Amino acid sequence: MNTRHSVALVTGANRGLGLAFAHELLARGATKVYAGVRDIGSIDASNPAIVPVQLDVTNAMSVAAAAARCADITLLINNAGIARVLPSLLDPDWIGSSQEIMETNFYGIVRTTQAFAPVLSANGNGAIVNVLSDTTWFARPMLSAYAASKSAAWSFTNASRIELREHGIHVLGMHVGFLDTDMTKGYELKKTNPREAASYTLGELERGAHEALVDENTRQVQGSLSSGNAAYYLNVPALA
Ligand SMILES: NC(=O)c1ccc[n+]([C@@H]2O[C@H](COP(=O)([O-])OP(=O)(O)OC[C@H]3O[C@@H](n4cnc5c(N)ncnc54)[C@H](OP(=O)(O)O)[C@@H]3O)[C@@H](O)[C@H]2O)c1
C-alpha cells in the first residue's frame, strides 16, 4: 500500500513508537492521522493533521465508538501495548499480570481488527500493521507474560493476513527488539530509535511485505528458527 494520501489510525499515538508512526506517516504524505489514545489531553493539539480520538483497546465500547468516528481510515496501526517485568515464571502474580497484558497486547488487537476490518474493506486497498516484537520468537523469562502476548498476537496476525486478504486488506507484522521509549526507560540496553523503526516498517508496508524485521537481532532470531539452534533455546550470545 502507498501511505501517501492514506488516512491512518494509530493506537497509543501520544508517545513512544505510536507518536513516531504518526509523525512518519505525515512526513510520507498521509492525509490524516487519528491518534487513538486513552486520554485525549495527552495529545499535542498544535498539529491539525493529528486528530485525537478517545480509544482504550481493552474496552469494546470504546473501540466500537472509535470505529464509528474513524470511518474513513485506510490504515490501522495496532501499536498500543504494555509490558511488565516479572522476576520469575513462579511468581504468584504471573497469571494476574499476564491477564492484564493479554487484554491490551492480544485481545486489544483482536478488538480493533474486528471493529475496523469492515471500515478498511469498505474504503478499499486497506492495511493493518500489528506491532509485535522479537519476543514473539524469543521469550526472555523476565518478560515471559509479555512474550506470550506477542506470540499470541503473531498467530492472530497470521490468521488475519489470510482471512482479510479476501476483503482487500493487507496485514503486516512488525517485529522489533528494544526501542528507546518509556517502556525501556532506565534499562541499559541497545535500543532502536522509534522514528527509524516506524520509517523502516512503513517502507516495508509500501513494498508489500508481510513482515517487517526492524533490527539485526530480530533478523537473527527469526533466521535461527529453522536452523536447529533456534534463539529460543537460549543459544544466541548477542541476546543472552
Ligand atoms: N519499547 C520497546 O522496547 C518495544 C519493543 C518491541 C515492541 N514494542 C511494542 O511497541 C508498542 C509501543 O510501545 P512503546 O515502546 O512506544 O511503549 P510506551 O512508550 O510505553 O507507549 C505505550 C503506548 O500504548 C498506549 N496504551 C497502553 N495501553 C493502552 C490501552 N489500553 N488503550 C490504548 N492505548 C494504550 C499508551 O498510552 P498511555 O499514555 O495512555 O499509557 C502509550 O501510548 C507496544 O505494542 C510495545 O509492546 C516495544
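Reply: Start with the sheet. Strands of a sheet pair through backbone hydrogen bonds, either parallel or antiparallel. Here, 7 strands make an open sheet with parallel pairing, in the order β3-β2-β1-β4-β5-β6-β7. From one strand to the next, the twist averages 20°. This is a predicted model: local features need pLDDT of at least 70, side-chain atom pairs count only at pLDDT 80 or more, and totals for chains, interfaces and linings use all residues. Residues are numbered from 1 along each chain as its sequence is written, and side-chain values use heavy atoms, leaving out hydrogens and water.

Me: What counts as a strand, and what counts as a pair?

Reply: Helices (H or I, at least four residues) and strands (E, at least two) are DSSP runs, numbered from the N terminus. Two strands pair if DSSP finds at least two bridges between them. Take β6 (residues 169–175): 3 bridges join β6 to β7, and the two run parallel. In that pairing, G173 stands opposite E211 of β7.

Me: Which strands does helix α1 touch?

Reply: Contact means heavy atoms within 4.5 Å. Helix α1 (residues 16–27) packs on the sheet and touches β1 (7–11), β2 (32–37), β3, β4 (75–78), β5 (126–131) and β6. Axes are lines fitted to C-alpha atoms, for helices over the stretch in contact, and angles run from 0 to 180 degrees between N-to-C directions. The direction of α1 makes about 170° with that of β1. Helix α4 (residues 107–123) lies across β1, β4, β5 and β6, at about 175° to β4.

Me: How many aromatic pairs are there?

Reply: Rings of Phe, Tyr and Trp (its six-membered ring) pair if their centres lie within 6.5 Å; planes under 30 degrees apart are stacked, over 60 edge-to-face, the rest tilted. That rule gives 4 aromatic pairs. F106 and Y107 are tilted, because their planes meet at 55°, with ring centres 4.9 Å apart. F106 also pairs edge-to-face with F156, at 6.4 Å centre to centre and 90° between the planes. F106 sits in the loop between α3 (94–105) and α4, and F156 in helix α5 (residues 144–165), 50 residues apart.

Me: Is F106 buried or exposed?

Reply: Buried means under 20% relative accessible area, exposed over 50%, partly exposed in between (1.4 Å probe, protein chains only). F106 has 15%, so F106 is buried. Y107 is partly exposed at 39%, and F156 is partly exposed at 23%. F106, Y107 and F156 form one aromatic cluster.
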